[in-house]
2 protein chains.
Amino acid sequence: MERTIDLNKKNYICIERFAMVKAMHKKSLEKAIAEKKADLQIISLCRFVSKTKNFFTSSSCAGRIILLQLPKGENKRDACFHRKWHRIVKEKELWDGIDAETKGELWFKLDPFIFHVGANSLENAKKVLTAMTKAGVKRGGIIVAKPGKFLIELQGSQGIAFPVKKEKKVLVEKGYMRYILERANEKLEKNYTLLKRLEKEFKKELK
Amino acid sequence: MERTIDLNKKNYICIERFAMVKAMHKKSLEKAIAEKKADLQIISLCRFVSKTKNFFTSSSCAGRIILLQLPKGENKRDACFHRKWHRIVKEKELWDGIDAETKGELWFKLDPFIFHVGANSLENAKKVLTAMTKAGVKRGGIIVAKPGKFLIELQGSQGIAFPVKKEKKVLVEKGYMRYILERANEKLEKNYTLLKRLEKEFKKELK
């Protein structure tokens, strides 16, 4: 009997904790949208998840094209965004970025979307994995598994990454970068399409 | 009472199933090693996991430098390895690969390690996530969660990816590729070091 009470108490604490975390993330999301800090392509997906009973979203990025500065060696902690676009990029914008003053190594990157979903149980976390597979998203898994808090990370797989500049020296040619930018823009569009498919599957699987 | 018997039976089936899957993967691993098909840098880690009671390894790759051919569009199903090295690569080898006949788009890629571990319970799967975090591996999660079978995917995060050739036209210069290859070789070494750290943490966390 005592054990039952203990379990009920533990269960109650988990439910309370989940509700609190969910409410907190909902608030952060609405704040980010109001301040125009949320990526446009992912707002609808985040809002849907936010309205379900058993799930929440925390950090997310819809996918982007970036110029990343690595000042010393390749320690990612020192890395900083020199330019960041969550949309199709024009050649002139890219070269304005490359030609501006930078230090160390400058990388051109197409990063796919990354999306975190919280669930209140393992069973519900598994529904996220099912939706992911059905949408054709290949990378993702449960990264935190605690009573009442399961966190799933999902990621797209479109990616480009290479250095374009070392100190003041540009390493790449205009013609080559024109080709790459066209490919990167295409891949970014594909990435946003995949995100839409994920939203569709979420709407079927998650309640 | 009946329910207890049912649960015991279910539990027994799970244990049996796990033992079977584990034995099968152990056999595949030893076969791959005997046929020299296993990546040298990951054998010791795989063998350790294989000898534990509660874990097994399935597919894995230690990390590699590749030339990947995408014949039509960017459908990865049509992609094929034009060259593949699980070690430091020399400039001459790289250019032999680039200059050889290829179709469609040819990509230069540094892929980090990817490693799958099976566990017999959620508690044990969580030990893999703990070891991963302690080793400094940032990407990984539980991708399958079934009674008696939990599968965790771990991945390194060093990566380079960009097209170097389109049909017969080489898009990159010798000097640039010399720079890139040096960086890729450095990153591959870092990737192997991370794998060693992961093995050390596995030895502490997994029994």
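Predicted model: local features only at pLDDT ≥ 70, side-chain atom pairs only at ≥ 80, totals over all residues.
Reader: How many helices and strands does chain A have?

Author: Helices (H or I, at least four residues) and strands (E, at least two) are DSSP runs, numbered from the N terminus. Chain A has 5 helices and 9 strands, and from the N terminus on they run α-α-β-β-β-α-β-β-α-β-β-β-β-α. The C-alpha trace of chain A spans about 75 × 35 × 30 Å along its principal axes.

Reader: At what angle do the axes of helix 2 and helix 5 of chain A cross?

Author: Axes are lines fitted to C-alpha atoms, for helices over the stretch in contact, and angles run from 0 to 180 degrees between N-to-C directions. Angles under 35 degrees count as roughly parallel, over 145 as roughly antiparallel, 65 to 115 as roughly perpendicular and the rest as oblique. Helix 2 (residues 40-51) and helix 5 (residues 174-205) of chain A have axes that come within 10 Å and cross at roughly 15°, which means that helix 2 of chain A is roughly parallel to helix 5 of chain A. Two residues are in contact if their C-beta atoms, placed from the backbone, lie within 7 Å; on the helix 2 side of chain A these include A:L45 and A:F48, and on the helix 5 side of chain A they include A:L195 and A:F202. The residues of this contact between helix 2 and helix 5 of chain A divide into 8 nonpolar, 2 polar and 2 charged, where Ala, Val, Leu, Ile, Met, Phe, Trp, Tyr, Cys and Pro count as nonpolar, Asp, Glu, Lys and Arg as charged, and the others, Gly among them, as polar.

Reader: How does helix 4 of chain A pack on helix 5 of chain A?

Author: Helix 4 (residues 122-135) of chain A packs on helix 5 of chain A at an angle of about 135°, with their axes 8 Å apart, so helix 4 of chain A is oblique to helix 5 of chain A. Among the residues that meet are A:A131 and A:M132 in helix 4 of chain A, and A:L198 and A:F202 in helix 5 of chain A. By class, the contact of helix 4 with helix 5 of chain A has 6 nonpolar, 1 polar and 5 charged residues.

Reader: Is A:K165 buried or exposed?

Author: A residue is buried if 20 or more other C-beta atoms lie within 10 Å of its own, exposed if 12 or fewer, and partly exposed in between, with C-beta atoms placed from the backbone. A:K165, in strand 8 (residues 160-166) of chain A, is buried because 22 other C-beta atoms lie within 10 Å. Leaving aside neighbours within four places in sequence, A:K165 is in contact with A:I98, A:T102, A:L106, A:V170 and A:L171.

Reader: How many residues does each chain give to the contact between chain A and chain B?

Author: The contact takes 20 residues from chain B and 20 residues from chain A, and strand 6 of chain B gives the most to the side of chain B that touches chain A, with 5 residues.

How values were computed
Residues numbered from 1 in each chain as written. Chains lettered and ligands numbered in written order.
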